[in-house]
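Let's take a walk through this model together, one part at a time. Keep the sequence and the 3D view side by side as you read.

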2 protein chains.
Amino acid sequence: MTKGMRAQKDPTNRRTPHEAFTFYLQEHRLKITPQRRLILDIFLLEPGHVSSEELYAKVKRRDPSIGQATVYRTLKLLMGCGLADAVSFADGITRFEPHLGSEHHDHLICEACGRNIEILDPVIERRQEELAAKYGFRLERHKMDLYGVCPDCQKDKPS
Amino acid sequence: MTKGMRAQKDPTNRRTPHEAFTFYLQEHRLKITPQRRLILDIFLLEPGHVSSEELYAKVKRRDPSIGQATVYRTLKLLMGCGLADAVSFADGITRFEPHLGSEHHDHLICEACGRNIEILDPVIERRQEELAAKYGFRLERHKMDLYGVCPDCQKDKPS
DNA sequence: GTAGCTGCAAACGTTTTGCTGGTTG
DNA sequence: CAACCAGCAAAACGTTTGCAGCTAC
């Protein structure tokens, strides 16, 4: 604890998303532009998943001059620095979700209405690690989607 | 083992994939064509996952007159009768894997070499059911992919 | 015979890229 | 002021569809 130690927000290497993005851009000698900042801001407000198009629409509301290509390009950057994850639900559209810190979740998706619940189960998470270890894998990440029919839709059309 | 008993492959209601496909087609008043049979044959030889394009290439080797569209259309049929599953790995390409009988498995994928191990863990399978039930969902199917680095690739490039 | 199929090519929707002028560091 | 980026439109990508002739039933 020397007094020369500067006040840091967080003693860990954790950064805010904006800091992480800035750091990543600087590290790669890329530029911090208003567009990139705006896209990150709006992306972070997303509770769940957005397609590039949906995000583009929201971004455009705040800055109509922005182009679709910039959204795609920025999403790639966000994935590059670990702030966004791609999730694909086999409908041909890639969706993105914010990846904050070490947060992670899986999906419980209603095949009837598209309702999408984010779940996180410690039992499964741990078992996944065990499984990977059993095969000698170093587990980096995973994806689990459960598809079914939600309670509301079961009422509408019981099987 | 009475001698009158005809040699049946399996006393259960299990059918060979070809029988299942034939049944499905007849049931829906669709036609059994040489193309469909050929595509199924070649698809079933796949150990892991194929993209439509890869499958098309292999099919074309045996019948150059076949069209890409027929492969897509047949894959849809195979999914319809439960003989094929779609798996998407977020690279924009839909891959398909044979779904034989009631077999099911998840994936353990090496991000370095692409090696793909099929896994099935009862602990996880059961927990998934429990989770769905907790939210009132009727679980239809699921998809779980674990991504990491396999033992061999860890040697090549330890992190 | 007729419903359904095939192959082709054109259409489709999503994502990428080439370019030119503009902005960041 | 050099490298990088934005917006635009065109291209590219995987996939679907319309059609005219052909095939299974």
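Two strands count as paired if DSSP finds at least two bridges between them. Helices (H or I, at least four residues) and strands (E, at least two) are themselves DSSP runs, numbered from the N terminus. With that in hand, look at where Gly148(A) sits: it stands opposite Leu139(B) in β6(B).

A word on the ground rules. This is a predicted model, in which local features need pLDDT of at least 70 and side-chain atom pairs count only at pLDDT 80 or more, while totals for chains, interfaces and linings use all residues. Residues are numbered from 1 along each chain as its sequence is written, chains are lettered from A and ligands numbered from 1 in the order in which they are written, and side-chain values use heavy atoms, with hydrogens and water left out.

Now for chain A by itself. Its secondary structure comes to 6 helices and 6 strands, and from the N terminus on, the elements go α-α-β-α-α-β-β-β-β-α-β-α. Of the 159 residues in chain A, 38% are buried, where buried means under 20% relative accessible area, exposed over 50%, and partly exposed in between (1.4 Å probe, protein chains only). One open sheet of 3 strands in chain A has the order β1-β3-β2, with antiparallel pairing. Its edge strands are β1 (50-51) and β2 (84-88), each pairing on one side only. β2(A) and β3(A) pair over 5 bridges, again antiparallel, and Val87(A) has Arg95(A) in β3(A) as its bridge partner.

Next, find His105(A), in the loop between β3 (94-98) and β4 (106-110) of chain A. Is His105(A) buried or exposed? It is buried, with a relative accessible area of 17%. Its side chain makes polar contacts with those of Glu97(A), at 3.0 Å, and Glu118(A), at 3.3 Å. A polar contact here is a pair of N or O atoms within 3.5 Å; within protein, one must be able to donate a hydrogen and the other to accept it, and residues adjacent in sequence count only if both atoms are side-chain atoms.

Back to the meeting of the two chains. Contact means heavy atoms within 4.5 Å, and on that basis 35 residues from chain B and 34 residues from chain A take part. The size of an interface is often given as the accessible area lost when the parts come together. Chain B and chain A bury about 3600 Å² between them, 63% of it on carbon and sulfur atoms; buried area is the accessible area (1.4 Å probe) that two parts lose on being put together, summed over both. Between the chains there are 13 residue pairs in polar contact (both at pLDDT 80 or more). On the side of chain B that touches chain A, β6(B) gives the largest share, 12 residues.

Which charged pairs cross over? The rule finds 4 salt bridges across the interface, a salt bridge being a side-chain nitrogen of Lys or Arg within 4 Å of a carboxyl oxygen of Asp or Glu. One of them joins the side chains of Asp145(A) and Lys143(B) (3.9 Å, N to O). Lys143(B) is in strand β6 of chain B and is buried, with a relative accessible area of 10%. Its side chain also makes a polar contact with that of Tyr147(A) (3.5 Å).

Another salt bridge links Arg127(B) and Asp121(A) (2.7 Å, N to O). This pair crosses from helix α5 of chain B to the loop between β5 (116-119) and α5 (122-134) of chain A. Arg127(B) is partly exposed at 24% relative accessible area, whereas Asp121(A) is buried at 5%. Arg127(B) also meets Glu130(B) in a salt bridge (2.8 Å, N to O). These two are 3 residues apart in helix α5 of chain B, so about one helical turn separates them. Salt bridges with shared partners join Asp121(A), Arg126(B), Arg127(B) and Glu130(B) into one network.
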